[in-house]
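Good morning, and thank you for coming. Today I would like to walk through one structure, beginning with a contact between helices and then turning to a sheet.

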Amino acid sequence: MHARIGIIRVPGLDPRSLCVTGKLMINPSSGPASGQLDRVSAWSLIKPYWVSEERRTAWGLLITIIVMDLLLVGINARLNIWNRDFYDALESKSVHDFPRLMLMFTGLAFGFIMISVYNRYLRQMLGFRWRQWLTTRYLQEWLGDGTFYRIERDRLTDNPDQRIAVDLDLFATTTLSLTLDLFSTVETLIWFSIVLWSTAGALSVMVAGTHVQIPGYMLWAAVAYAIAGSLLTNKLGHPLVSINYQLQRVEADFRFGLIRLRENAEQIAFYDGMKTEGSNARDLFGRIRENWWRFMRYTRRYSFVVNCYGQIADIFPMVVASPRYFAGALTFGTLMQIADAFSSLSESLSWFINNYDALVEWRATANRLREFKRVMRQPHLKESVSPGTEHGGVNLHYVDEKHLVTRNLMLALPNGETLANVSDIAVKPGSRWLVSGPSGSGKSTLLRALAGLWPFGNGSIDAPVDARMMFIPQQSYLPAGTLKAALTYPAMADAFSDDQCREALHACRLEDYVDRLQESPPWWRILSPGEQQRLAVARVLLHKPDYVFLDEATSALDTDNEAHLYRLLNERLPMAAIVSVAQRESLAQFHHETLDIRRPRNRGSS
């Protein structure tokens, strides 16, 4: 059976699974096992795109890039031969060969430039397409099924926004770059290994009075040099993985703190809290400073090795090949060809060293995404039972009834402590319920449970399967964009006509804004708290839900405007059920039923 959710989809719920299991959260048996969660690998992050609906375009671009890489390796190989001929021509002062060699170089260089430019262009295109696909999927998983809310409510991970906006970009582009560069490196390695083996010849050395021939000695020298450098680089640079991971985290925390300061500028100014905010910002930046100094210390050691390796590599092949050159076994052109081949081979063998920074960043990024992926799946398994108790969780059923009914409902805190026992109620169409009780008794938590946002506790809730429900919090959310988009939220702006929106604003005494529907300033800063609450009621008038849940939704209004809005709701929505959480006794006149929630006697105030 499919639930028809009109205005607000109940986050975290799939009515089809709920009707079967009767549980608020997805039954653990229907989701991945905890062992599977622990096995989120880097490959599981990479594979989905390459077998997705975009696989043909992705593989087509990838194959084209690989072919271009092969052509570039071929040009480099031809330039290596050209290098030998060119220096031999210089040594022999061959005027006849010089123009021909320069013309050949021009053609090879032009081909190399053109292929390189379009190779990079296609790499960028493929990298962005991959990032776009990943971003879409992660946004769906993060926003779908109420995952974003559970992550924030239970503080399961830090900065999911950074992981989607930054880490996915780094993961896609860096994975593609490292993989293609490695493929190109292998091609180069094979070709120039053949060149060194065939060109450099064998080296004869005396061992215990016996001449020993070392065939392809330049190749073995390059391999030994690269292996030694790689091992030393890994030993000194390995701690950079965890340091880079922490660096991304503390940078994101600092940025998020500054964003919150900017968004709450007026409240901070009223409190004269600049000194405290400055101290908090300095503390956050202090974590960056501490981690950065660690990063600098390890980078200094790593850079020392890399620079020494690079400088020695410039002269090392000449030193190793010089005995055969001085013995007359090699021409000057062949010596330069060997040096160039050695440099290319050494560069290929040094792929690990040259890309160590990128590998460190990639690994830290992959670890953050793996953690994020696990966290997005974990709530399905963790929320069915409150920690530390025998509570079975709040059961939410979708039923073919007209009433919303609670039975034996007990609300608990995430740590298992009992928050409130709720009397059994039946909310019928057209009824008006006032939920009252002292602060901290669980009134707002009851609405969270009715919305499917609070699984902790016991008991059951039966909700009409075809009901359209709308929950209005004390501080309403205003999305970025036009005033009309804010008014029609969560529907799209074109779901209602301008005339309908103007009429709703007039009805809620927001006449000053009826001609500003298409303006897009930061409305959450321009509208006062009372105006924002009136705008939220105007939303209700537009959407006309079957159930309206108001959580202190008129607390910022004077009694006259508050009474006006409730009369408006009663007149415009006579068949809708209205449930209000409020403290003011003046609202009792607009409600027929009362639900009083009290804290358990053995529990202190919260």
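Please keep in mind that the model we are viewing is predicted. As for the geometry, helix α5 spans residues 97–143 and helix α6 spans residues 147–154. Their axes come within 5 Å, crossing at roughly 65 degrees.

I now turn to the sheet. In what order do its five strands lie? The order is β9-β10-β11-β7-β12, the pairing is parallel, and the sheet is open. At the edges are β9, residues 469–472, and β12, residues 593–596, each of which pairs on one side only. From one strand to the next, the twist averages 15 degrees.

One pair deserves attention as an example. Strand β7, residues 432–436, is joined to β12 in the parallel sense over four bridges. Within this pair, Val435 has Leu595 in β12 as its bridge partner.

Finally, which strands does helix α20 touch as it packs on the sheet? Helix α20, residues 529–543, touches β9 and β10, the latter being residues 547–551. The direction of α20 makes about 175 degrees with that of β9. Helix α21, residues 559–572, also packs on the sheet, where it touches β7, β10 and β11. Strand β11 covers residues 577–581, and the direction of α21 makes about 160 degrees with that of β11.

Definitions and conventions:
Residues are numbered from 1 along each chain as its sequence is written. This is a predicted model: local features need pLDDT of at least 70, side-chain atom pairs count only at pLDDT 80 or more; totals for chains, interfaces and linings use all residues. Side-chain values use heavy atoms; hydrogens and water are left out. Axes are lines fitted to C-alpha atoms, for helices over the stretch in contact, and angles run from 0 to 180 degrees between N-to-C directions. Helices (H or I, at least four residues) and strands (E, at least two) are DSSP runs, numbered from the N terminus. Two strands pair if DSSP finds at least two bridges between them. Contact means heavy atoms within 4.5 Å.
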